[in-house]
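Hi,

Here is the structure I promised to pass on. Please have a look at it first, and then read my notes below.

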Amino acid sequence: MKKYIKVNATFDCDGNLLPEYIYWDEDRKYPIDKITDIRYAASLKAGGAGIRYTCMILGKERFLFLEENRWFVDTRENK
Amino acid sequence: MDILSTVDRNKYKKDRVILHSDCNGFYASVECLHNPQLRDKPVAVSGDAENRHGIILAKNEIAKKYNVKTGEAIWQAKQKCPELVTLPPHFELYKRFSKMARRIYSDYTDRIENFGLDEAWLDLTNSIDNDGYKTALEIKSRIKEELGITVSIGVSFNKIFAKFGSDYKKPDAVTCITRENYKDIVWNSPAGDLLYVGRATGNKLNRIGIYTIGDIANASPDILRKLLGKWGDLIYGFANGFDSSPVAHMDENIEVKSIGNSTTTPRDMKTFDDVKVVMYVLCDSVCRRMREQGFMAKTVGISIRDNELNSFTRQCTLESYTCLTKDITQSAFSLFKRSYKMQRPLRSIGVSVTDFVHDNIPHQISFLQDEERLMQNEKLDKTLDVLKKRFGNYIVRPAVLLNDRGLSSFNPKDDHVIHPVGYL
């Protein structure tokens with residue numbers, strides 16, 4: 001399942017867009033501890049393509065996708 | 001004249017490295033990517049059946065196995081494959097994916113020429129790494145990884161054979177057509193597999209015993225020219241690998257040679273008044289597009305298809321160049337009246353303009369025409385263009401369109417953002 005989510009992100013001085021927090025169901029907010037990889041990729045599980053951020057959230061690796069101007073997560077995030 | 005003697009051999013001393021990349025079942029692949037639950041089902045993207053645009057635009061590999069063909073009606077496809085899932089097209093999404101593919105191509109070369117949304121030629125001759133096969137494999141795997149769809153790529157020394165290569169093995173494949181193997185691969189294929197040999201040309205060639213591309217290559221150019229005119233020379237050259245047409249630079253704008261719009265109406269057009277309504281809408285779109293490009297045209301063409309799917313085209317030349325909606329509409333409608341007497345109701349009509357000059361060239365004022373009226377009409381058209389641009393297509397319309405809103409409520413200018421392209 002593809003789930004669009006609210007994300008807090010910042011632009012750094014070099015113009016890179018970096019997500020900092022994700023919101024799950026409005027009330028739950030999780031910090032992104034670390035971004036380990038950024039690349040263009042498709043998500044076959046969720047169904048979509050864009051820029052894929054590999055993030056560490058609560059000690060686990062999660063994929064966060066930027067599809068034009070919306071963020072989505074793939075099925076592993078949705079469980 | 002022996003055509004071989006006219007070929008500049010120097011041009012072929014250093015072979016080019018050309019790739020042709022073709023996204024497999026593009027619309028359907030993008031839809032399947034976005035709908036994971038459909039991936040194991042036969043899927044086709046089709047037009048809107050209620051508005052009588054119900055033909056198959058693209059199909060996935062599973063639907064292909066049922067022999068579902070692009071261009072056939074939905075009901076025909078469903079007869080072959082009852083469980084076929086048909087989806088409406090999302091052109092904005094396809095344009096985004098086309099752009100994403102182009103971004104990948106641009107990492108390898110700046111000579112990229114798009115051929116529709118889903119195909120492109122790449123010229124790697126002057127790239128640092130010009131190993132065509134290796135680059136093709138890399139592009140193929142990057143598109144799969146980054147876009148989630150598959151491509152087939154042809155690698156060759158000219159554009160025609162590169163395109164042939166991308167059609168040769170599908171999906172998700174790379175085919176190299178070299179000077180060593182083209183006689184084995186290309187020449188043994190049916191004549192219809194060559195670009196610009198369609199059904200009609202294929203039938204003509206069959207009649208004189210030409211069945212394969214090799215037959216074309218070994219035929220006498222004089223015979224081909226007698227049979228097909230200048231196209232005979234063209235396909236003779238294609239079949240022999242003499243194509244030296246360049247791959248356009250990615251920033252190059254392809255020269256516009258004609259502007260046209262056509263539509264299949266929600267119901268058949270039975271009277272001249274029906275045709276008039278639809279023609280007004282089409283001409284308005286064509287003329288606005290022409291003015292946007294800064295052109296004036298001298299030739300107006302119409303295409304007509306009746307409810308038994310017989311179709312024909314007619315064109316006429318105007319006395320002077322014009323970009324006025326009123327003049328083009330009147331010419332198109334009077335051409336229609338001269339060409340067709342409403343023997344049968346019509347299913348679709350189209351209007352096109354060709355033979356352009358730029359609208360800023362000086363022109364001779366005529367004694368016989370009311371030049372003041374022309375200037376007034378030009379001002380009026382420009383004002384209407386601005387109004388429509390600012391407030392939408394329906395903000396101001398000719399009263400005749402209110403007679404039948406069912407026929408007139410379409411917007412060819414903005415609804416059809418993807419325009420067909422030709423190779424020549």
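What radius of gyration does chain B have, and why does it agree with a compact globule? Please keep in mind that this is a predicted model. Chain B has a radius of gyration of 24 Å, and this agrees because a compact globule with 424 residues would have one near 22 Å. Along its principal axes, the C-alpha trace of chain B spans about 65 × 60 × 45 Å.

Chain B contains 16 helices and 12 strands. Of its 424 residues, 35% are buried. If you take the contacts in chain B between residues at least 6 apart in sequence, 62% of them join residues at least 24 apart.

Now to the sheet I would look at. In chain B, an open sheet is formed by five strands, ordered β5-β6-β1-β7-β8, with mixed pairing. Its edge strands are β5 (112-115) and β8 (174-176) of chain B, each of which pairs on one side only. From one strand to the next, the twist averages 15°.

Within chain B, strands β1 (residues 18-23) and β7 (residues 151-156) pair in the antiparallel sense over six bridges.

Helix α5 (residues 132-147) of chain B lies across β1, β7 and β8 of chain B and runs at about 170° to β7(B). Helix α6 (residues 159-168) of chain B packs on the sheet, where it touches β1, β6 (119-123), β7 and β8 of chain B. The direction of α6 in chain B makes about 145° with that of β7(B).

Best wishes

Methods: Residues numbered from 1 in each chain as written. Chains lettered and ligands numbered in written order. Predicted model: local features only at pLDDT ≥ 70, side-chain atom pairs only at ≥ 80, totals over all residues. Helix = DSSP H or I, 4+ residues; strand = E, 2+ residues; numbered from the N terminus. Rg over C-alpha atoms; globule rule 2.2 N^0.38 Å. Buried ≥ 20, exposed ≤ 12 C-beta atoms within 10 Å, placed from the backbone. Contact = placed C-beta atoms within 7 Å. Pairing = 2+ DSSP bridges. Axes fitted to C-alpha atoms, helices over the stretch in contact; angles between N-to-C directions.
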